Amino acid sequence: MDLLCATAVDVSRMVASGEISAREVARFFLDRIQTIDPKIHAFLHVDPDWTLSLADAVDAKRAAGKPLGPLAGVPVALKDILCTKGIPTTCGSKILENFRPPYASTCVEKLLAADAVFVGKANMDEFAMGSSTENSAFGPTANPWDTSRIPGGSSGGSAASIAARMALVAIGSDTGGSIRQPAALCGVVGMKPTYGRVSRYGLVAFASSLDQIGPFAANVRDTARTLSVISGRDERDSTSIDAGVDDYEAALTDVKGLRIGVPKEYFAEGLDSEVESRVREALDVLKGLGAEIVEVTLPHTSYAVATYYIVCTAEASSNLARYDGVHYGYRKTGTPDIIELYSKTREAGFGPEVKRRIMLGTFVLSSGFYDAYYTKGLKVRRLIKQDFDDAFKSVDVIAGPTTPTAAFRMGEKVEDPLSMYLCDIFTISTNLAGIPGISVPCGFTSGGLPVGLQFMGKVLDEKTVLKVAAAYEQATNFPTMPENL
Amino acid sequence: MPVTDYDIVIGLEAHAHLLTRTKMFCSCRTTFGAEANSQTCPVCIGMPGVLPVINRKALMLALRSAVAFKCEIPATMRFDRKNYYYPDLPKNYQISQNYTPLGVKGFVEIETSKGRKKIGLDNIHLEEDAGKLLHPEGSGAVYSQVDLNRAGTPLLEIVTRPDMSDLDEVEAYMETLRRTLEALEISDCKMQEGSLRFEASVSLKPLGAAELGNRVEVKNLNSVRAVLNALAYEIDRQAAALDARERIDRETRLWNEELSRTERMRSKEEAQDYRYFPEPDLGPIVVLDEWLQEISASLQELPNERKWRFEDEYALPSYDAGVLTQKRAIADYFEAAVAAGRAEVSDPARLAKVVSNWVMGQVLKELNDRKVEITDFPVTPERLAGLVTLIESGKISNTIAQQLLPIMIETGEDAGRIAEQRGMLQVSDTAEIEKLMDEVLAANPKPVADYRSGKKAVFGFLVGQAMRQTKGKANPQVVAEILTKKLEN
Ligand SMILES: [Zn+2]
């Protein structure tokens with residue numbers, strides 16, 4: 001079987017049966033990375049010794065007659081925001097250049113326990129702040145469908161690694177759309193689970209109340225399997241939810257009679273007409289599959305971006321305070337006192353977008369402004385959540401575009417932060433509400449750029465979200481890898 | 001104007017390490033004095049990606065203090081982040097409680113020579129301690145070192161209202177707080193190890209004036225003495241400044257122990273904006289009724305309350321009640337001994353006082369000499385009650401009793417048995433004593449003659465001779481009676 005056309009489910013079955021060794025799979029994808037990645041730059045760190053040692057461990061386990069996990073030998077790309085013990089974890093930032101965590105994140109441990117094999121650490125916008133991966137301190141990632149364009153962000157490296165088949169599963173984090181937006185722009189599947197579904201222990205924090213780890217894959221089934229592996233309550237994360245983990249693969253059935261809500265606010269000004277056409281076509285497909293399409297309203301949608309940039313910057317300003325040059329990471333040397341050490345380290349260590357958000361967040365938490373911004377932001381956040389609660393009284397799932405446009409050109413929005421912020425206009429609300437969302441490919445623009453369709457579900461109802469995504473995927477079957485790479 | 005022309009208003013903030021084995025948000029040990037940075041992990045050194053997990057024991061101990069000091073406890077509480085940069089604070093924010101402290105509006109009742117007084121508490125909250133900066137010895141060092149063993153240690157902060165008006169009250173408050181936290185096993189309160197620390201704030205206003213002067217906060221107070229000295233200095237400084245019609249700035253000052261003075265650290269204008277906001281890594285804590293019921297049920301009497309009960313119930317002098325309630329086990333011992341003696345001794349007040357004298361005197365002395373805890377003391381409260389009963393019923397003298405106690409400790413026997421076996425019971429048999437007295441009188445013709453010629457002072461000498469003759473076993477009252485009768489004849 002051609003590994004480029006294989007799914008993660010195929011690979012794990014073949015590795016478990018001995019049809020192929022984990023080492024052979026790892027070698028194949030490492031070679032692929034070596035050939036392709038110079039054009040894409042999806043990875044910040046590839047360590048063949050590390051990857052092969054993980055693969056050998058899987059093979060040894062099989063040789064010892066032990067049963068293998070659900071991701072046996074599956075090549076997985078990790079966003080460089082997940083702590084890997086002894087392996088560089090930079091968050092796309094100069095301030096963590098050369099930083100090797102002394103511990104591993106829960107998500108990484110769970111993947112290892114499922115016998116996954118890591119092929120590298122994926123590029124990202126610095127500290128997950130951005131929508132194009134251009135904010136990486138180590139250079140941007142290109143979109144495999146058109147290398148002059150951005151792959152989306154902040155998990156751009158993860159999404160691109162799947163589209164270019166340098167991995168079969170990738171892990172990202174989504175604070176305001178950082179998994180779903182790049183999945184849409186790279187034409188792959190990406191899911192943000194319910195807040196608390198996946199432990200955040202070892203995920204370098206950007207905005208603690210919004211951050212959530214989730215999987216990327218080329219298809220819904222691989223996504224579902226990976227989600228089952230990484231989900232679950234973790235004693236080390238007090239915000240992780242104590243709810244049973246579903247077998248998400250088993251839930252992939254048909255959608256007859258399912259009520260799908262379409263929010264009218266998601267088809268407003270700013271939505272590219274080609275994107276709108278693809279999404280409307282997708283809704284017709286779902287109707288054809290027996291689902292009922294219902295218009296719903298999410299009246300506070302227009303406040304989501306403003307609310308998001310209050311909450312996420314406030315939390316980020318505090319979360320990123322620890323990068324000060326004192327205990328670990330980059331330090332500007334030769335400073336005369338501690339205050340200079342702090343300010344010169346942070347001045348040189350952080351990029352402009354991170355600084356912008358730290359300053360915004362510091363401002364909104366300042367005495368005298370706290371109530372006007374932060375407290376009010378939390379109130380609006382509750383209203384946005386209420387919008388979804390109301391909508392879900394009459395529908396099972398909500399569908400709409402993942403992004404307002406297809407992938408834009410590199411450099412196009414770098415000088416215009418506000419237009420960059422609006423890339424996440426359809427994805428931000430789910431983070432504020434804490435509900436699950438997925439982006440699946442729904443065709444292409446006339447220029448051949450992928451378009452994403454988003455499904456959003458009730459809290460902890462990943463099952464229904466995955467079910468509708470899988471049914472749609474099966475009915476359409478769009479290509480998820482560009483032909484001419 | 002002298003200081004006495006001003007109203008003094010003092011508030012205290014106490015920081016107490018909770019008696020937990022592990023830290024507030026990770027499982028590192030909190031043992032004092034370990035090698036630098038040996039008690040750390042990714043969580044308490046603030047590595048990227050780590051998350052805090054609440055130490056349940058710390059939460060329960062903190063709630064225990066809130067219940068003990070009669071605070072209002074919110075049904076739901078959260079932690080908040082206090083943001084500031086300092087190298088001993090690895091995350092550059094401290095997880096604390098600002099918006100929903102775990103207790104508000106309680107009080108600590110103190111006693112001074114002016115009587116009892118309730119010192120109001122503004123709030124009690126839970127937070128994590130910071131690490132320590134070490135400045136290498138010797139000149140020319142251009143760096144500091146950080147020890148993060150203490151970082152993340154559970155810290156209880158108890159903030160009073162500005163209710164104290166003199167140093168006696170301040171001292172009594174500190175002492176009461178220390179005793180209470182120790183007795184309830186909330187903190188070991190070792191000031192020399194930094195497990196109890198204070199910060200003070202003080203302001204003055206001319207007697208009767210409506211408006212209070214600006215408040216000055218004083219930090220770096222490492223002992224009870226330092227708190228009192230710093231406040232005394234600061235009160236004088238502020239009074240002198242007000243006399244000279246100078247303005248008192250609202251500021252924070254540091255106590256300089258060496259120079260015995262306070263020095264400006266920062267003014268209000270330079271005060272930090274801590275940008276408190278709810279800690280998003282920890283969800284809200286719903287305080288369950290059953291927790292509070294459990295705490296209330298297990299909470300024993302506070303030391304001060306017990307002292308005052310001893311004064312009322314046992315009619316003990318304030319001094320005795322204070323000494324006996326210094327330690328819970330001593331107070332328990334005392335109460336058990338009194339209870340055991342009740343059946344034999346009819347005057348309860350007298351019984352209590354005699355037992356008190358014994359506990360405060362011989363018992364504490366023996367414990368001290370032998371370096372044992374009262375819970376391991378071989379003379380049980382019941383045995384001590386037995387000894388006291390023998391004295392009160394006239395069966396042994398106090399002198400004999402003093403000799404009996406060490407034997408009771410050595411042998412573990414009860415007092416009555418030892419006294420009987422060793423012939424130490426007091427002789428009250430008149431015939432026997434009369435016979436002895438005749439011998440004493442015959443042996444001392446000169447004092448007898450002196451007495452009879454009016455030199456009554458020799459009586460004491462003759463009683464002494466008689467007691468010596470009986471090796472202290474004769475009932476002195478009976479001896480005196482018989483001797484008088486014989487001499488007068
Ligand atoms: Zn620790």
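How many bridges join β1(B) and strand β10 of chain B, and in which sense do they pair? Hello everyone, let's start there. The two strands, β1(B) and β10 (residues 154–160), are antiparallel partners over five bridges. Strands pair if DSSP finds at least two bridges between them. Helices (H or I, at least four residues) and strands (E, at least two) are DSSP runs, numbered from the N terminus. In β10(B), B:L155 stands opposite B:H17.

A word on the source: this is a predicted model, where local features need pLDDT of at least 70, side-chain atom pairs count only at pLDDT 80 or more, and totals for chains, interfaces and linings use all residues. Residues are numbered from 1 along each chain as its sequence is written, and chains are lettered from A and ligands numbered from 1 in the order in which they are written.

Back to β1 (residues 6–17) of chain B: over eleven bridges, β1 also pairs in the antiparallel sense with β11 (residues 196–206) of chain B. There, B:G11 has B:S201 as its bridge partner.

Now the helices. In chain B, the axes of α1 (residues 56–68) and α4 (residues 289–298) come within 10 Å and cross at roughly 65°. Axes are lines fitted to C-alpha atoms, for helices over the stretch in contact, with angles running from 0 to 180 degrees between N-to-C directions. So α1(B) is roughly perpendicular to α4(B), a label for 65 to 115 degrees. Residues making this contact (C-beta atoms, placed from the backbone, within 7 Å) include B:M60 and B:L63 of α1(B) and B:W291 and B:L292 of α4(B).

Finally, the contact between chains takes 34 residues from chain A and 24 residues from chain B.

Technical notes: Two residues are in contact if their C-beta atoms, placed from the backbone, lie within 7 Å. Angles under 35 degrees count as roughly parallel, over 145 as roughly antiparallel, 65 to 115 as roughly perpendicular and the rest as oblique.
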